[in-house]
Each structure stands twice: as C-alpha cells, then as structure tokens.
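The entries below follow the order in which I worked.

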Amino acid sequence: MKKIRRQLLYFFLVAIILTGGLAVGARMSSASSARAKEAGAKDTQAGQMQVHFIDVGQGDAVLVMCGGQAMLIDAGDYTKGTAIQNYLQKQGVKKLDYLILTHPDSDHIGGAPVVITKFEIGKVFLSNYEKDNKTYQKLIQALDNKRLKYTTPEVGTQFFLGTATVTILAPNGTYDNPNDASIALMIQNGENRFLFTGDAEEAAEQDILENGIALSADVYKAGHHGSRTSTSQEFFEAVSPAYAIISCGEDNSYGHPHAETLNTFRMNGVKVYRTDEDGTIIATSDGREITFNVPASETWKPGEPNGNSAVWEAPSQEVSKTSGITYVLNTKTMKFHKPTCNSLPTTNRRDTTESREEIIAQGYQPCKRCNP
C-alpha cells in the first residue's frame, strides 16, 4: 500500500513539472512569436529615404540613399565629376550599389568617369543609345578599367534599394533621338513615389504611357530640365505630381525651364523646386510624408535664353508659317500641331496642308498645348 502511494506521488510530481514546463514553453513560444511578428512588421515598413537633387548647373545628378544603400542617377558634365565625388563622400557614401546613366548626353554622363574611378560600384545601367564622341568613349574606358559590366535594364525590371522598390519604365525601344532613349524609373518607398524620366520627350513619354505601368507619383523630376519638349499634357495628367524638381543651370543657353512647363505646374497646384534657385535640393521620405530642405519656388520665372541653342527653334517656326503648311503631324503619338506650336516633334514628323477635318479622320488628335 505504501508502495502504491509512493508511485502515485511520483506521477503527481512529474505531472506538475511537465505542466509547468509546458506553460513556460508556451509563454516563451508566444513571446518568440510576438517578437517574430514585430520583426516582420518592421521589415515591411518603409525606412527613411533621402533623394538629393545635386546642383550641377545645367545637367542632372541625383543621389538616392535608403537602408544603407546608395544609387546615383546621372553625373553632370565633365566639370562636375570631382564636385559630385566630394558631395557623395560628405554624405558618407563609400559604395554605389547602382549607377544609372539615363542617356549619353554630356550633361548626364560627363562626370561619371571620376565617380567610377573613385567609388566601388555594384551594377551599372546605361541607355541603349551609343554616341561616337570623346565623352562617351571616356565613360566606356572608365568602366572597362574597373572591369564593370553594364546593361540596359528591361522595362518592368524591379530591384530593391534598402526598403525602396525601383521599377524600370523605359526605354521602350530604340530611338533616333538620344533623349527619347533615356532610362526612366519609379522609386517607391512605402506610400511615396518618385518618378525620373531623364530627358525623355513626348514620343518616349507616349511609349511609357502605353507600357501599362502605373505612373502616378508624388515627386516628378521634370523631364529634360523643364523643357517644353517634355511633360506633355497626357503624360503629366497620368503622373499628377504634388511636387516637381527642375534641375537646370542659372542663365542656361536653352532657356530652361520653359514657360509652358511652368504654367502646367502652376495651373495644377504643383509645388516646384529648382536647383538654379535653391542649389542642391534634398527630399526626405519616411514612407508616408515627404519633406524638403528648402521652400518651394515662388518666382515661376522661366529661363532666359542667352545662346545659339535657344534661337534654333525660331527659324523652324518661321519657315512653317510661310511654307503653306496647315499642320504638323507626329506620326508616333498621332497628335497634330499648329506650325507655330512650341512642342513640335523633332522626329516622326510630317508636315501637311490638309484640313483639320481630314487629319482627324485619319485618327490624329489635336495637341492640348496649341489647340489646333
């Protein structure tokens, strides 16, 4: 009898120990699960992202930093290479995870050889448009010296920069115009979206619209330094930005930004920031809100052309006025313009003496800027 009681007591004690252990284990498992959920929540939250629109005069250079990673979009002209190097170093950049050179114009790639030489670089993306000049040759030589491979990213390609997602939007084909061959991309950090289109003009903007990727963005880096040849009405309406950044040089010879582009922004309540007025502009995103280091411009002052490149358009328009042309057609976008329109196509152009009704019957639509 005593033996039976001892056995019962033994089993009772074992049961207590096991029950306590299970309870402790359950609490530990619950705490571990809670920590895992918390960690998972942090992983899906947007981190801080900074976008530095570096003042390089008449050119482009944008540094994007997020989650300990860095990306440089364009690198100004050849006189700005060292200045960009110094700026990146002051921001603590030791490695560029991505270098994107939107297209081979000198004011976008000229400073790149210095950057390539001075920094470790992960991936390099170039436009599919090649130029046969010294600036482009120096770029390729610098890449070869560092044994860096380069590619043109495919439309729809996505990659991560910290907590931000980068989506490639262009180029959507090959073009005769290097501007239209620009790499375009959307950077999304949480709910915040930033759009970059290089110097893409109306034809390329139309192709971007047609590729079916959502274009709405909070911040739009104005195409082609605020030129009238970019930011076409249909494209702007698809983007519908709250903020626009214009990277251009003070008193530049092109007259950037053009009045037409500024008017589009002003009439639609877009806040504009300009490197020719404010110097380097820094936008900070926490995934929900975007703040800037400088106030928005209040001048709405277009650029004042002061060089030969600015008067290039006038002879073309004068010829159109006296040649009997009724309309200018863009065979790519299927838009038609007045001969005096400030947004005449430079490629895919056909001049006509046909009537407005005849043109519309062929499927063309009137330009929303000149309202022919």
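I looked up cysteine 367 and recorded it as buried, because its relative accessibility is 6% and buried means under 20% relative accessible area, with exposed over 50% and partly exposed in between (1.4 Å probe, protein chains only). I then counted disulfides, a disulfide being a pair of cysteine sulfur atoms within 2.5 Å, and the count came to 0.

I note that this is a predicted model, in which local features need pLDDT of at least 70 and side-chain atom pairs count only at pLDDT 80 or more, while totals for chains, interfaces and linings use all residues. Residues are numbered from 1 along each chain as its sequence is written, and side-chain values use heavy atoms, with hydrogens and water left out.

Of its 372 residues, 47% count as buried. I took contact to mean heavy atoms within 4.5 Å; of the contacts in the chain with a separation of 6 or more, 67% are between residues 24 or more positions apart.

Next I turned to asparagine 179. I found asparagine 179 in the loop between β8 (164-170) and β9 (184-189), and it counts as buried because its relative accessibility is 9%. Its side chain makes a polar contact with the side chain of glutamate 201 at 3.0 Å. A polar contact is a pair of N or O atoms within 3.5 Å; within protein, one must be able to donate a hydrogen and the other to accept it, and residues adjacent in sequence count only if both atoms are side-chain atoms. Beyond four places in sequence, asparagine 179 is in contact with residues including His103, Asp105 and His224.

I then examined asparagine 192, which belongs to strand β10 (residues 192-196). Asparagine 192 is buried, with 2% relative accessibility. I traced its side chain to the backbone oxygen of arginine 288, at 3.2 Å. Among the residues that asparagine 192 touches, leaving out those up to four places away in sequence, I listed Ile187, Asp218, Ser285 and Ile290.

Key
Helices (H or I, at least four residues) and strands (E, at least two) are DSSP runs, numbered from the N terminus.
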